[in-house]
Amino acid sequence: MLYRIAQQYGNTSFSWENLEREVESKASLPKGSLDGRLQQLEAPLVASKRVYDKVLDTERRKDPSFDEMVNKIPMIKSLKSQLIQPSNNLDTTYAQAGIVKDAMGGRLKDRWGDAAIIPDLKDREDAERKIKDKYFGKNNKIKDIFRCTLKFSSFKGVFDGWKFLEDMKGIEILNVKNKFKNPDVLGYADININAGFKLQDDTYHIFEIQLHLNAILVAKEEVHDLYNTIRVEIPKIIPGLTVEKTNQIKEHILGRLKNSMMDGIIDILFEKSGGVFLFARLLEEKLKQDASNNPGSKLDFINLEAQPEGLDGIYRENMERVCAEGASDDFRSKCFQFISLICAAQEPLPQKMVQSIMGDDAFCRVKGKLSLLFPTGADGRIIIIHKSLIDWLLRKIDDEEEN
């Protein structure tokens, strides 16, 4: 469902202008201060994408089943709060990573031989820099102390590698980014997997596996200088900030470029949903209503970040429409009458009954504001979207019951 929402309502086309607005917002820079500056990076980006697109076009011509196999590799998401190491002590995480490296390295080498690349653990200095710039000092957020690669000459090999990992005992697949389905903004494609390896104490150390196509890796070498140009130029484009702030902005920009727009949108929506299906359904209905009021508009990352957080956020936003500044006391009173009637009833009330109690005009005005939370079923009765709405309405704030 989140994929459908992203496709229908998200702006999946990359633009420097939107990225500039996003960076200004995240870095608390004056609005408009980056106007046109990131556009300087357009040439290396276009050149990079052209190289990768050519490789993928060639692979599709070589194997007619390429897209079919790509679509069979599922998108798997875990909340960021679930993608954390069992320890916040970096020494402990390195020790666990060493155990995983020995175990996984052996399994992968036994099955794939030279196609399995098992490097040394991530350089400690690089890990500490990443934790500081990307994870704001939180040691347990880093997921690639141990990372490994499987390289294949055809996408059939990539697909077989995925099936092998999917069936492997002792690991749990937590996150799958299928960039062959949605290449990143720079055009690069691989399968990036975060998995948990079960340790003796029954905790899971998180590590990273990448499934590569050899032709893409050759192209990556070709465009390396283009990518490096982007890395070097970003700090020059945004001068006058502390080194720490500049590095964090650079990580954010590179993170956007090294991700597909689709994946970026889904990541935000998934975090906001908390993995709750009902949130996605309510958000879809909300966005449908918003789109009818503003046809043709698409959500960029700033708009997405402004969407409500979790079910509580959805409930709060809808109730704020009732209590909005400027709403008359009479209108608010009618809203509370409507809510009280629906929530106190032993069973769903017929819409016609509620309408006759409240009066046609009051009912239509109130129902229009609260239809998302109190929809009318196919049988003509008004229902409560979920029992958690009642809990939210009766919640306590600062140990006082809220009316």
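These legends walk through close-up views of the strands in a predicted model.

**View 1. Strand E4 and how covered it is.**
Start with E4, the strand that spans residues 191–198. Most of this strand is tucked away: seven of its eight residues are buried.

**View 2. E3 alongside E4.**
Here E4 meets strand E3, which covers residues 171–178. The two pair in the antiparallel sense, with seven bridges between them. For a handy landmark, look for Ile 171, which sits opposite Phe 197 in E4.

**View 3. The E4–E5 hairpin.**
Now follow the chain from E4 into strand E5, residues 204–213. These two strands run antiparallel and are joined by eight bridges. Together they make a hairpin, with five residues between them. Have a look at Asp 202 in the turn: its phi is positive, at about 70°.

**View 4. E5 next to E2.**
E5 also pairs with E2, this time in the parallel sense, over six bridges. To find your bearings, pick out Lys 151, which stands opposite His 212 in E5.

Strand E1 takes in residues 116–117, and strand E2 takes in residues 147–152. They pair in the antiparallel sense through two bridges. One spot to check is Ala 116, whose bridge partner in E2 is Leu 150.

Notes
Residues numbered from 1 in each chain as written. Predicted model: local features only at pLDDT ≥ 70, side-chain atom pairs only at ≥ 80, totals over all residues. Heavy atoms only, no water. Buried < 20%, exposed > 50% of the residue type's maximum accessible area, 1.4 Å probe, protein only. Helix = DSSP H or I, 4+ residues; strand = E, 2+ residues; numbered from the N terminus. Pairing = 2+ DSSP bridges.
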